[in-house]
Amino acid sequence: GDDDTGERLVAALHRAGVETFLEREGSTGTIVVVVDEHGERTMLSDRGAAPQLAHVPDAAIDGSSVLHLPLYSLTHGAIAVACVDAARRAHDRNVAVSLDLSSVTSIVDIGADAVAEIIATIRPRWVLCNAEECDAAGGLDALMRIAPWATIVTKHGADPTDVSRRGGSG
C-alpha cells in the first residue's frame with residue numbers, strides 16, 4: 001500500500017536484500033496468523049490494496065527460481081488475471097510455479113471445480129495445502145488426478161508433512 005506501513009515493510013525488505021517490484025496504491029494489507037496447540041494455523045486477513053494488482057513485471061519473474069501464488073490471489077479480479085498471466089510467463093521462462101491452496105474458505109467459496117480449473121490453468125509444480133484444504137479441494141486422489149505432473153505437499157500442523165507425487169509418496 002501507499003501508506004506508512006507499506007513504506008516500513010518495503011524498507012525492511014530492501015535492508016534484507018530483497019528486490020521489490022511495487023504498485024503502490026491504497027492501504028497495506030495485514031494478516032494475523034493464529035497457531036493453535038496442534039500447530040494448525042488460522043489467518044485473519046485484510047488484503048488492503050493487494051487485489052488491485054494489475055500486472056507482474058517481467059523483471060519480477062526473470063532470474064527467479066519459483067513463482068509462488070496463493071489461491072486467494074487467483075479467485076477473482078485484476079489480481080487473478082495478473083497472476084494467471086505471470087504463471088504463463090513463468091512457464092515460458094522455465095521458472096517453476098507453486099500454488100498454496102491458502103484457505104478452506106477460499107476453496108469453499110469458489111468450489112472444488114474452480115480450484116481444479118485454476119490448477120489446470122497455472123500448472124503448478126507443487127501444490128501446498130493443509131489437510132483441511134486438501135479435503136475441501138476434493139482430496140488427495142482428486143488433486144493427483146487434476147495435476148498428475150505436480151507434487152502435492154500436505155501439511156498436518158505439528159505432525160509430519162506428506163509429500164505425494166505420481167508413483168508414490170514420501
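This report walks through a predicted model of one protein chain, from its overall make-up to a few individual residues.

Because the model is predicted, local features need pLDDT of at least 70 and side-chain atom pairs count only at pLDDT 80 or more, while totals for chains, interfaces and linings use all residues. Residues are numbered from 1 along each chain as its sequence is written, and side-chain values use heavy atoms, with hydrogens and water left out.

## The chain as a whole

Seven helices and eight strands make up the secondary structure of the chain. Here helices (H or I, at least four residues) and strands (E, at least two) are DSSP runs, numbered from the N terminus. Of the 170 residues in the chain, 32% are buried. Buried means under 20% relative accessible area, exposed means over 50%, and partly exposed is in between (1.4 Å probe, protein chains only).

How much of the contact count comes from residues 24 or more positions apart? Such residues account for 63% of the contacts in the chain with a separation of 6 or more. A contact means heavy atoms within 4.5 Å.

## The largest nonpolar core

In soluble globular proteins, nonpolar side chains tend to be buried together. The largest nonpolar core in this model holds 29 residues, and Leu-67, Leu-69, Leu-101 and Leu-143 touch the most other members. Elements that give two or more residues to this core are β3 (66-70), α3, β4 (96-100), α5 (112-122), β5 (126-130) and α7 (140-146). The largest share, five residues, comes from α3. A nonpolar core is a set of buried Ala, Val, Leu, Ile, Met, Phe, Trp, Tyr and Cys residues joined through side-chain atoms within 4.5 Å.

Not counting residues up to four places away in sequence, Leu-143 touches Leu-101, Ile-119, Cys-129, Cys-134, Ala-137 and Ile-152.

## Helix α5 and what follows

Which residues of α5 are buried? They are Val-115, Ala-116, Ile-118, Ile-119 and Ile-122. These residues lie on the same side of α5 because they cover an arc of only 160° around the axis, the arc being that of the directions from the helix axis to the C-beta atoms. On the other side of α5, Asp-113 and Glu-117 are exposed. The cover over the buried residues of α5 includes β3, α3, β4, α4 (104-110) and α7.

Arg-123 follows α5 and has a positive phi, near 45°. The charged end of Arg-123 sits over the ring of Trp-149, 3.8 Å from its centre. For this description, NZ of Lys or CZ of Arg must be within 6 Å of the ring centre and within 35 degrees of the ring normal.

## Two residues of helix α3

Arg-89 is found in α3 (residues 77-92). Is Arg-89 buried or exposed? Arg-89 counts as buried because its relative accessibility is 6%. The side chains of Arg-89 and Asp-85 are joined by a polar contact of 2.8 Å. A polar contact is a pair of N or O atoms within 3.5 Å; within protein, one must be able to donate a hydrogen and the other to accept it, and residues adjacent in sequence count only if both atoms are side-chain atoms. Leaving aside neighbours within four places in sequence, Arg-89 is in contact with His-55, Val-56, Pro-57, Asp-58 and Ile-61.

Val-84 is also found in α3, and at 32% relative accessibility Val-84 counts as partly exposed. Beyond its neighbours within four places in sequence, Val-84 is in contact with Leu-74, Thr-121 and Ile-122.

## Residues in loops

His-38 is in the loop between β1 (30-35) and β2 (41-46). With 53% relative accessibility, His-38 counts as exposed. Its side chain makes a polar contact of 3.3 Å with that of Glu-37. Leaving aside neighbours within four places in sequence, His-38 is in contact with Gly-157 and Ala-158.

Ser-103 is found in the loop between β4 and α4 and is buried, with a relative accessible area of 19%. A polar atom of the Ser-103 side chain lies 3.2 Å from the backbone nitrogen of Thr-105. Pro-148, in the loop between α7 and β6 (151-156), counts as partly exposed at 28% relative accessibility.

| Pair | Separation in sequence | C-alpha to C-alpha |
|---|---|---|
| Val-84 and Ser-73 | 11 residues | 9.3 Å |
| Pro-148 and Arg-165 | 17 residues | 7.5 Å |
| His-38 and Gly-157 | 119 residues | 6.0 Å |
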